[in-house]
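Hello,

Here is the structure I said I would pass on. My notes on it follow below.

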Number of protein chains: 2
Amino acid sequence: MAESRLTLYYWGGQPGRGEPIRLILEETGTPYDQVLPVPSVGKDGSLDFGAVTSFLEDGTTFAVPILVDKDGPDGHPITLSQLPNIMLYLGKKLGLAGHGAEEYRANQLFLTLCDLQVEAHDTHHPLNVMKYYEEQKEAAYEKAMQFRQTRAPKFLKFFEKVLSTSSGPYFLGEQFTYPDLMLFHVVDGLIFAFPKLMEKQRPSHPEVFMLYDLVRVRSRIVKYMKSDRRAPFGQGLYRHYPELDDE
Amino acid sequence: MAESRLTLYYWGGQPGRGEPIRLILEETGTPYDQVLPVPSVGKDGSLDFGAVTSFLEDGTTFAVPILVDKDGPDGHPITLSQLPNIMLYLGKKLGLAGHGAEEYRANQLFLTLCDLQVEAHDTHHPLNVMKYYEEQKEAAYEKAMQFRQTRAPKFLKFFEKVLSTSSGPYFLGEQFTYPDLMLFHVVDGLIFAFPKLMEKQRPSHPEVFMLYDLVRVRSRIVKYMKSDRRAPFGQGLYRHYPELDDE
């Protein structure tokens, strides 16, 4: 079988920041390869990043996810990183980004969903991403409380407003675009991490949960979520610590 | 005098996330108006956001900065938010974004600089953005320590690598683009917030500080930084708390 033209590099074993990239590739039926190293500690105590080492050391990218497209702009290969940058690129390439002013609207919504995702992550790592959650539990408890009481409702209210004033079921009206896939992913992650919070938020955000369901039942998404290409939530970006969730 | 076609909405009295937008408009000699409300507390205790209220309430944007361009795509006005989205738009419109693959490289570098900026902000507000720094000083101390010891050096090392392998003094070689302006701004903010840390980092990051200086002495940037359009650093994104800086 021919090698795919697109290769996604991310850490193995978790959906993480690679997941929205997988979702757009799966939704559009685009073939892709994955390289999913698990960083290991070398003999001298330093981290070995395996197959992504060169990208991280030569100035190409600061972090994973990394996407290599052999059919880049002007026929040259391109190496991309930064999730919103990769999604902007793929959105345009695969016809899920809108046109003209809509491209900026899609990018803006995607970036806002990324902000929500980062804040969700920071609930379990408010002080130091390199230390264990157990080493920052007290701070996490306070961060999570603010997230549940203020930040998550503020974001959800905004997305509800956007969707309730949209001319269709999607962010950009009748047109399905990549921020719709991201909303599905972020809500899915939040339901995993904060099931009680999200159950409480559901009644006041019908449009958000409707869009979540609309994406969840798309045939290619259903197939993907059941496949072994989909890593389950666990110890990654979205984590379920019952003590951080609503009562 | 004719009204400008571009209007920037941001909070008054601080550079904040509006600053990179001002820098690109100033650098290119682009006329713009500013609306700089200071949020005030109403009689019922709720915040009054003044002139940006409608943008924040009708689903147009989640937060400031907001840029309105009367000459948007296809001749229609456009309202933009999310700093990386606004800069992508202005970078292209004003010829400071590169072309083809370079556009994605510029966007990627800008997003990475935004990540560094967010982490710098979070050193003084690790737990709750709505509470005072004084209410989270202990957590801030630990967050700042990680920032100084691990995160800031990691980001600076990356930008040093990009610049030292570039074919010119700028991120994209000989071509000056908007992430160069952002590097200047972020380094400027870090020198304000963490003067001792940055003085220690200077010798090992000559290319980063060279680019900082190259932007700092550009004639329009010099004029802008001396003007009353430039708000000083203070109680915004970048803050100087001596106890959070290096010893």
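Let me begin with one residue. Leaving aside neighbours within four places in sequence, Ser81(B) is in contact (heavy atoms within 4.5 Å) with Gln108(A), Thr61(B), Phe62(B), Ala63(B), Pro65(B), Ile66(B) and Ile86(B). Ser81(B) lies in strand E6 of chain B, residues 78-81; helices (H or I, at least four residues) and strands (E, at least two) are DSSP runs, numbered from the N terminus. Ser81(B) has a relative accessible area of 2% and is buried, where buried means under 20% relative accessible area, exposed over 50% and partly exposed in between, with a 1.4 Å probe and protein chains only.

On conventions: this is a predicted model, in which local features need pLDDT of at least 70 and side-chain atom pairs count only at pLDDT 80 or more, while totals for chains, interfaces and linings use all residues. Residues are numbered from 1 along each chain as its sequence is written, chains are lettered from A and ligands numbered from 1 in the order in which they are written, and side-chain values use heavy atoms, with hydrogens and water left out.

The two chains. The same surface serves both copies, since 100% of the contact residues of chain B recur in chain A.

Chain A as a whole. Its secondary structure comes to 9 helices and 6 strands. The C-alpha trace of chain A spans about 50 × 45 × 30 Å along its principal axes. Of the 247 residues of chain A, 56% count as buried.

Beyond neighbours within four places in sequence, the contacts of Phe159(B) include Leu109(B), Leu113(B), Phe171(B) and Leu183(B).

Helix H6 of chain B, residues 178-193, is mostly covered, with 14 of its 16 residues buried.

Regards
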